[in-house]
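The following exercises concern a structure that is to be examined by the reader. Each task is followed by a solution in steps.

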Amino acid sequence: MDEKHSCVTLSVQPSRGLVDEKFVILVQNSFPSSLLTIYAHHQCEDGNSWHAFAHYTSDATGAVNVSEDCSIGGTYSGVEAMGLLWSLQPVPGSKPGLRMRKKNVQAPMVVTISVYSSHLTEGFGDQVPLAGVEVERWYMAPGVQRIPVTEDGLTATLFLPSGPGPFPGLLDLWGGGGQLVEYRAALLASHGIASMALDYLTCKYTMETGKIVEQDYFEMAYKFLQKHPKVLGSRIAMLGLSLGTSVILKIAVHSQIMKLRCAVCVSGSHVQPMDGFLKEILDYFSKNSGNTHFTKDNEVVWRDLLLPIPTDLSLKVDVGKLQCPLMLVVGEDDQNWCAYESAMDMKGMMERAGNSHLLTLLSYPNAGHLIEPPYMPHARVSLFREIQSRQKLMVLWGGQTLEHSRAQEDAWRKLLVFLRKNLYSGVKSGSSSLSNL
Amino acid sequence: MFRTHVSVKAIGRLSGFIQMDPDFTAWRKLAGLQRLTGKVRWKSNTRPAPVLTAAPVRALVDEQVSIRGHFLPLHCPVTLHARMHSDEGDLWESFAHYNADERGTFSLTRDPSVGGSYLGCEPMGLFWSMQPAPGGREGLRLRKKSVESPYTVHVSLLEGHVSTSEGQRSELAAVTIERWYIAPGVKRIEINQNGLVGTLFIPPGPGPFPAMLDLWGMGGGLQEYRSSLLASKGYVSFSLAYFGHKDLPGPPNCINVGDSYFKAAFLLLQDHPQVVSDRVGIIGLSFGCYLTLRIPTKTGVKPSCLVGINGPVGCTVSLLNSDGRTKNFDSSQEFWNFDDEGCVIFKDASLPANIPPDNFLKVEKLDCPLMYIVGEDDLSTASIENADLIEERLRSAGKSHLLTRLSYPGAGHLIEPPYSPSARTSMWSVKPKKLITMWGGHPALHAAAQEDAWKKILDYLEKNLRS
């Protein structure tokens, strides 16, 4: 056994971090100027394997610092501290259309990080690495409570930060795929916001009656938060992606009952029939389904369903009437919704109405539809089960991995600042920052 | 009632603080004024509660945590109350008093505690100054039994300066911190083969790794927590039971294993496929330190380095010898001393003057580096005297270069991994009668010693086992 090899050390700090925390990967004691491959492997809950790798050359002391050194090849290149996570891709031979989404947020995501000699692009399983460590990525900080909510007819999960509160509250909505998706709400609670993930498409009510929920379902959710002893009823925000945006914009402008402190809308649109609510939005999509396009690989492109942006005010939310701060996050390569065009239209409406000081617009070139918490792998395409037809389709979301990943990181950081500023405003904070982000 | 523990450097910093800050009187008056005019209105319907943060919230026990408070009224007095349950269910807690600055924040890495369980700027004070909560069992010592789960420490922010849980002020904010004894990916393997009883910890990765044999003292049983930490640093580590364990042979209160047992343990490591066979060391505390010195001098194995903490070079307790005779621990009772409260002090039993010359280990036969760590307030072992003896014998043999001696004023017997509460006394035995023993050590000084010693031990292992 070559003794020097047993001396190579690999460390990742922190080895147990939150999913949105950065880590530092350090290789030490290798031969100076040696070719090394750093390799990440993760097996997700559904059994699929993902991997990422990058090629480095160690420095004169035999060290590599992923946060400072340049990858010259692999699943990412350049100086990318978190590249081994966001560039994770399904291992060769995997089914097409996979998307990584954590179901059980109470257990961490475990990633094995190893360092190999020379620049490898395959056959990692056949070679013995020089060193390897395990890293845990958590969605819940210690002390965060996960509380399933079924009262008042709701299908939801509430995540409460540690401590007596009261905490500002947040309703977290996902998009047209339905299901109860908890990981973003869990992460927000880890940052001090009492967050409730709400299933509004495949909730118990809809599954039992076959009917789409009305606005009162969201009012129930809002009131549940408002009267919760640990939630500050006067400071409730809403955060939504995709179809969730449609719901939030309608509520933010028109609801008499739900008074939002602020709203964050990701990859969505204000275009919807003003008569009616969710069912009518879904019907509107169906009506326009003729605008669906297909790529040469038969991937579904839905971005034209709402285009062109109507001028008719009965077909879009009048954001000129908005009275709370709004953050819009859009990817300019969104192939699923016309989020960018909608955002431009909304900006124009608000400028003309004189309330554009309420708008924060984050627009990312080459980012796609699924702008999620940072460092998670980007899915340009994935298998999507359409809610109404129950069909499984290969849907094109868009985005180029590098720019999309940068967008996720930037958007998340700004989203947290936006939420904190609006949910904690009126409290002196000085220049102290609340977290390591 | 609370006990305040002050380290020498903390006193210096505190007095410097008082001298340097002309507004000291002013903010004390302000805090007093707040108390006079009635409490600050904390609970509000219109603004969120103050926030307490910690980073990292999940860390190994030997890693520092940075705790901060935000969104507080300016200059207001607050208390941090940390509490956790041991594996046995006992409640441990600490209190510390801080004053928010002119921006309504405080930080434990920057600000001094002005009262409570510790004083001065002590980033990890809340952890090492913990004491058993009032009303709990007596004679407790905090030792992690289950190393695969973390300690969960709940830290509350309370208004004003309080030191007990009675008349508990309302909790303003809280943060929960996990303290882990094991890094992700470390494998834990129970060993019960060929008579050997212990637990093996293997770091993640392909290896091979340097290794450490880990030995504790006459408290007996099987203590895994130092091994799991060493494995988390990349060393295969073997916690070995040799006394007071149900799977070991023979009558209780005797050591029923001999030199061949310890040799076999060392060889298990050396021969392990994931261990670099010429990079195996031994670490031992108390009687474990005696064994650390005995194994290389009596069994012929060749460790790469040794770390001995507060242990004797010779003793009256014996291992199972070739005739099958052992002496039990109580046989050295003639040297036991008792203080006014009936606590037993074992120290004299290991004074070189009280030990038959034949019982001394021939430390001059050592051929590998030895780090010997002394707690100068050790009341359980005569560490200073034994260290002197080792130093003298090695010097006579021309082997002074092998010895690294660390000596800590105010530190007691139980120099363990850092940032955990230390026990000046704890329950030694309940049968035939209840006996509490004195370990020695003053909390702040002992905590500083543990922090420094652990760092030096890790550097020492790095130097001797890895480079």
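**Exercise 1. Salt bridges**

Solution. Step 1: a salt bridge is defined as a side-chain nitrogen of Lys or Arg within 4 Å of a carboxyl oxygen of Asp or Glu. The model is a predicted one, in which local features need pLDDT of at least 70, side-chain atom pairs count only at pLDDT 80 or more, and totals for chains, interfaces and linings use all residues. Residues are numbered from 1 along each chain as its sequence is written, chains are lettered from A and ligands numbered from 1 in the order in which they are written, and side-chain values use heavy atoms, with hydrogens and water left out.

Step 1: in chain A, the side chains of A:Asp345 and A:Lys316 form a salt bridge with an N to O distance of 2.9 Å. This pair links distant parts of the chain, 29 residues apart: A:Asp345 belongs to helix H7, and A:Lys316 to the loop between strand E17 (300-301) and E18. Helices (H or I, at least four residues) and strands (E, at least two) are DSSP runs, numbered from the N terminus.

Step 2: assign burial to both partners. Buried means under 20% relative accessible area, exposed over 50%, and partly exposed in between (1.4 Å probe, protein chains only). A:Asp345 is buried because its relative accessibility is 18%, and A:Lys316 is buried because its value is 5%.

Step 3: turn to chain B, where B:Lys233 and B:Asp62 meet in a salt bridge at 2.7 Å, N to O. B:Lys233 lies in the loop between helix H4 (225-232) and strand E13 (236-240) and B:Asp62 in the loop between strand E2 (58-60) and strand E3 (66-70), so the pair ties together parts that are 171 residues apart in sequence. With a relative accessible area of 24%, B:Lys233 is partly exposed, whereas B:Asp62, at 12%, is buried.

Step 4: examine B:Arg110 and B:Asp111, whose salt bridge has its closest N and O atoms 2.7 Å apart. B:Arg110 is partly exposed at 41%, while B:Asp111 is buried at 12%. Salt bridges that share partners also join A:Asp410, A:Arg413 and A:Lys414 into one network.

**Exercise 2. Annotated residues**

State which residues UniProt lists for "active site" and where A:Asp334 is found.

Solution. Step 1: the unreviewed UniProt entry lists A:Ser242, A:Asp334 and A:His369. They are spread over 128 residues of sequence but cluster in space, with a largest C-alpha distance of 10.6 Å. UniProt positions are given in the numbering used here, feature names are shortened, and annotations may be inferred rather than shown by experiment.

Step 1: A:Asp334 is in the loop between strand E18 (326-331) and helix H7 (339-353) of chain A. A:Asp334 counts as buried because its relative accessibility is 0%.

Step 2: the unreviewed entry also annotates residues 214-424 of chain A as "domain: BAAT/Acyl-CoA thioester hydrolase C-terminal". This span is 35% helix and 20% strand, and its end C-alpha atoms lie 31 Å apart.
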